[in-house]
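Student: I have a new model to read. Please take me through one part of it closely, with its surroundings.

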Amino acid sequence: METNGVRLTPEQARSALANTEHVRASAAALSATPWPNWFFITLTLYAAALPITYGGVMADSDWLLPRPAWTGIMLAITAAYGALFVVAAKTWRNKTGVALRFDVLPKRATVPLMAGLPLLLVGAAFAFRVTGRPVWLIAASLISAAVSVGFHLTFVRLHRKTA
């Protein structure tokens, strides 16, 4: 094997390959590192609040608050979440050199999440609008928070496996 015109011995070549594997394993471990705890908590609170807020916006008539207030709350929490995501991503990238990522999770988990959570959100708000029973929103809120916690724990498990 040659590197920059220098011929390597078989031992040096094996050492270089082992070092490459070590770098790949380190990158995988960082990629699977759980998001910062403060951001995990922010994400979980956002996931829990969104079904109830969306239900308030979709309600047939004013429910607890006027519809414009629910719309304002939804816009405010979405903007706050987006800003905190940007801060978390930048801080994490500066700290680890790796971006916050979903793609290290198994597709068998992320694909149903990407399809299921919007369906849960819209379905709960629609069921609330039709029945007037907030239990749909509360259930969707609890499920959304549980999914957030589940994904965080999956990241933790992946990190332990690759570290």
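How much of the protein's 163 residues do buried residues make up? Then look closely at helix α2 (residues 37-58) and what packs on it.

Tutor: This is a predicted model, where local features need pLDDT of at least 70 and side-chain atom pairs count only at pLDDT 80 or more, while totals for chains, interfaces and linings use all residues. Residues are numbered from 1 along each chain as its sequence is written, and side-chain values use heavy atoms, with hydrogens and water left out.

Your number first. Buried residues make up 33% of the 163 residues. Buried means under 20% relative accessible area, exposed means over 50%, and partly exposed lies in between (1.4 Å probe, protein chains only).

The protein has five helices and two strands. These are DSSP runs, H or I of at least four residues for helices and E of at least two for strands, numbered from the N terminus. Their order from the N terminus is β-β-α-α-α-α-α. Of the contacts between residues at least 6 apart in sequence, 70% join residues at least 24 apart. Contact means heavy atoms within 4.5 Å.

Start with the pairing of α2 and α3 (residues 67-96). They pack at an angle of about 160°, with axes 9 Å apart. Axes are lines fitted to C-alpha atoms over the stretch in contact, and angles run from 0 to 180 degrees between N-to-C directions. The two helices are therefore roughly antiparallel. Here under 35 degrees is roughly parallel, over 145 roughly antiparallel, 65 to 115 roughly perpendicular, and the rest oblique. The crossing of α2 past α3 is left-handed. The residues in this contact are 19 nonpolar, five polar and one charged. Nonpolar covers Ala, Val, Leu, Ile, Met, Phe, Trp, Tyr, Cys and Pro; charged covers Asp, Glu, Lys and Arg; the others, Gly among them, are polar.

Next, α4. Helices α2 and α4 pack at about 45°, with axes 9 Å apart. That makes α2 oblique to α4. Their crossing is right-handed. By the convention used, left-handed means that the near helix is turned anticlockwise from the far one by less than a right angle, and right-handed means clockwise. From α2, the contact takes Leu50, Pro51, Tyr54, Gly55 and Met58. From α4 it takes Leu121, Val122, Ala125, Phe128 and Arg129. The residues of this contact divide into eight nonpolar, one polar and one charged.

The core comes next. The largest nonpolar core holds 18 residues. Such a core is a set of buried Ala, Val, Leu, Ile, Met, Phe, Trp, Tyr and Cys residues joined through side-chain atoms within 4.5 Å. Trp35, Phe39, Leu50, Trp63, Tyr81, Phe128 and Leu137 touch the most other members. Helices α2, α3, α4 (107-131) and α5 (135-162) each give at least two residues to this core. The largest share, five residues, is from α2.

Phe128 deserves a stop. Apart from neighbours within four places in sequence, Phe128 contacts Gly55, Ala59, Trp63, Arg133, Pro134, Trp136 and Leu137. Ala59 is buried, at 2% relative accessibility. Beyond four places in sequence, Ala59 contacts Arg67, Phe128 and Arg129. The C-alpha atoms of Ala59 and Arg129 are 5.1 Å apart, across 70 residues of chain.

Leu64 is in the loop between α2 and α3. At 70% relative accessibility, Leu64 is exposed. Its phi is near 65°, a positive value in a residue other than glycine. Gly132 is in the loop between α4 and α5 and is partly exposed, at 47% relative accessibility.

Finally, α5. Ser141 lies in that helix. Ser141 is buried, with a relative accessible area of 8%. Leaving out residues up to four places away, Ser141 touches Ala47, Ala48, Ala49, Pro51 and Ile52. Pro51 also belongs to the α2 side of the contact with α4.
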